[in-house]
Amino acid sequence: MSETTIDTTELGEKIVKVLKTIYDPEIPVDIYELGLIYDVFVNEDHDVKILMTLTTPNCPVAETLPVEVEEKVKTIEQVKDAEVEITFDPPWSQDLMSEEAKLELGLL
């Protein structure tokens, strides 16, 4: 086993921490708790791919939010590169929100 092997779980947690600092400008809840992040992949080259959605296809931050996610994830020391893929399959719904987000928005 090489010395450069990274703990992907640990890196995944760092990525989640960063994602929790990014907010949807219209909703006072971070994108992770909102359920906008569908998946995070990390390969052996330390490249990160994030599969995410937006609350609506014509979300006002459709252009800027993915870029913000990529740039913030790239600030993590072990990450070599980050790419965000936007998908609307499955479409986002309030069911994807964490309990914390639902509480925050008064939906519980």
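**Entry 1: overall dimensions**

I began with the radius of gyration. The protein has 14 Å. A compact globule of 108 residues would have a value near 13 Å, so the two agree. I note here that this is a predicted model. I then took the box along the principal axes: the C-alpha atoms fill roughly 50 × 25 × 25 Å.

Next I looked up surface and burial. The accessible surface comes to about 6700 Å². Carbon and sulfur atoms account for 49% of that surface. Of the 108 residues, 34% count as buried.

**Entry 2: elements and their order**

I counted three helices and three strands. Along the sequence I read the pattern α-β-β-α-β-α.

I went through the pairings in turn. β1 and β2 run antiparallel and are joined by five bridges. In that pairing I located Asp39, whose bridge partner in β2 is Leu51. β2 (residues 47–52) pairs with β3 in the parallel sense, over six bridges. Here I found Val48 opposite Ala82 of β3. A reminder to myself: strands of a sheet pair through backbone hydrogen bonds, in either sense.

**Entry 3: helices on the sheet**

**Entry 4: the hairpin turn and His46**

I returned to β1 and β2, which form a hairpin with four residues between them. His46 sits in the loop between these strands. Its phi is near 70°, a positive value in a residue other than glycine. I flagged this because most residues other than glycine have a negative phi.

Is His46 buried or exposed? I read 19% relative accessibility for His46. The cut-off for buried is under 20%, so His46 counts as buried at 19%.

**Entry 5: a cis peptide bond**

I looked through the peptide bonds as well. Most peptide bonds are trans. Asp89 and Pro90 are joined by a cis bond, with omega about 0°. I placed Pro90 in the loop between β3 and α3 (99–104).

**Entry 6: Pro28**

Last, I looked up Pro28. It is in the loop between α1 (8–19) and β1 (37–42). I read 54% relative accessibility for Pro28. Exposed means over 50%, so Pro28 counts as exposed at 54%.

Which residues does Pro28 touch, leaving out those up to four places away in sequence? I found Tyr23, Glu104 and Leu105. I also took a distance to Ala62, which is 34 residues from Pro28 along the chain. The C-alpha atoms of Pro28 and Ala62 are separated by 17 Å.

Methods: Residues are numbered from 1 along each chain as its sequence is written. This is a predicted model: local features need pLDDT of at least 70, side-chain atom pairs count only at pLDDT 80 or more; totals for chains, interfaces and linings use all residues. Side-chain values use heavy atoms; hydrogens and water are left out. Helices (H or I, at least four residues) and strands (E, at least two) are DSSP runs, numbered from the N terminus. Buried means under 20% relative accessible area, exposed over 50%, partly exposed in between (1.4 Å probe, protein chains only). Contact means heavy atoms within 4.5 Å. Two strands pair if DSSP finds at least two bridges between them. The radius of gyration is taken over C-alpha atoms; the globule rule is 2.2 Å times the number of residues to the power 0.38. Accessible areas come from the Shrake-Rupley method with a 1.4 Å probe; for residues, only the protein chains shown count as cover.
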